Amino acid sequence: MQGYFSKLELKDYLGVSLGTINNKLNELPHIKLGDTRNSRVLFPVVKIEKYLNDLSHKNKESWQ
């Protein structure tokens with residue numbers, strides 16, 4: 001599905017573990033398809049890139 005990352009695709013894109021994705025799930029912009037524990041979670045590419053950009057700027061400001 002274009003425009004969205006699965007958990008595995010996001011893991012590879014960021015170079016982190018699946019556990020890290022799961023631990024940061026509340027912070028990351030995502031869409032959950034269903035109400036069950038095993039429901040599919042998708043991450044909008046544009047929102048993930050904005051989140052990372054904002055996080056990068058925030059970290060730069062804290063070092064100045």
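**A walk through a β-α-α-β-β-α model**

Leucine 33 sits in strand 2, which spans residues 31-33. The model that holds this residue is predicted. With a relative accessible area of 47%, leucine 33 is partly exposed, because that class covers values between 20% and 50%. Together with Tyr4 and Ile31, Leu33 makes a nonpolar surface patch of about 240 Å².

The wider layout comes next. The protein contains three helices and three strands, and from the N terminus these elements follow the order β-α-α-β-β-α. The protein has 64 residues, 22% of which count as buried. Its accessible surface is about 5,200 Å², and carbon and sulfur atoms account for 51% of that area. Where contacts join residues at least 6 apart in sequence, 40% of them link residues at least 24 apart.

Nine residues form the largest nonpolar core: Phe5, Leu10, Ile21, Leu25, Leu28, Val41, Phe43, Val45 and Ile48. Two elements, strand 3 (40-44) and helix 3 (45-62), each give two or more residues to this core.

Valine 41 is one of the core residues. Apart from neighbours within four places in sequence, valine 41 is in contact with Phe5, Ser6, Lys7, Leu25, His30, Ile31 and Lys32. Among these partners, Phe5 and Leu25 are listed in the core as well. Ile31, another partner of valine 41, is also part of the nonpolar surface patch with Tyr4 and Leu33.

Phenylalanine 5 also belongs to the core. Its relative accessible area is 12%, so phenylalanine 5 is buried, the limit for that class being under 20%. A search of the whole structure finds one aromatic pair. In that pair, phenylalanine 5 and tyrosine 13 are tilted, at 4.8 Å centre to centre and with 35° between the planes. Tyrosine 13 has 42% relative accessibility and therefore counts as partly exposed.

Serine 6 lies in the loop between strand 1 (4-5) and helix 1 (7-14). What is its relative accessible area, and is serine 6 buried or exposed? The value is 16%, so serine 6 is buried. Once neighbours within four places in sequence are set aside, serine 6 is in contact with Arg40, Val41, Leu42 and Phe43. Val41 and Phe43 from this list are also core residues.

Conventions
Residues numbered from 1 in each chain as written. Predicted model: local features only at pLDDT ≥ 70, side-chain atom pairs only at ≥ 80, totals over all residues. Heavy atoms only, no water. Helix = DSSP H or I, 4+ residues; strand = E, 2+ residues; numbered from the N terminus. Buried < 20%, exposed > 50% of the residue type's maximum accessible area, 1.4 Å probe, protein only. Contact = heavy atoms within 4.5 Å. Phe/Tyr/Trp six-rings, centres within 6.5 Å; stacked < 30°, edge-to-face > 60°. Areas by Shrake-Rupley, 256 points an atom, 1.4 Å probe, with all protein chains shown as cover. Core = buried A, V, L, I, M, F, W, Y, C linked by side-chain atoms within 4.5 Å. Patch = residues over 30% accessible without salt bridge, like charges linked within 9 Å, V, L, I, M, F, W, Y side chains within 5 Å. Salt bridge = Lys/Arg side-chain N within 4 Å of Asp/Glu carboxyl O.
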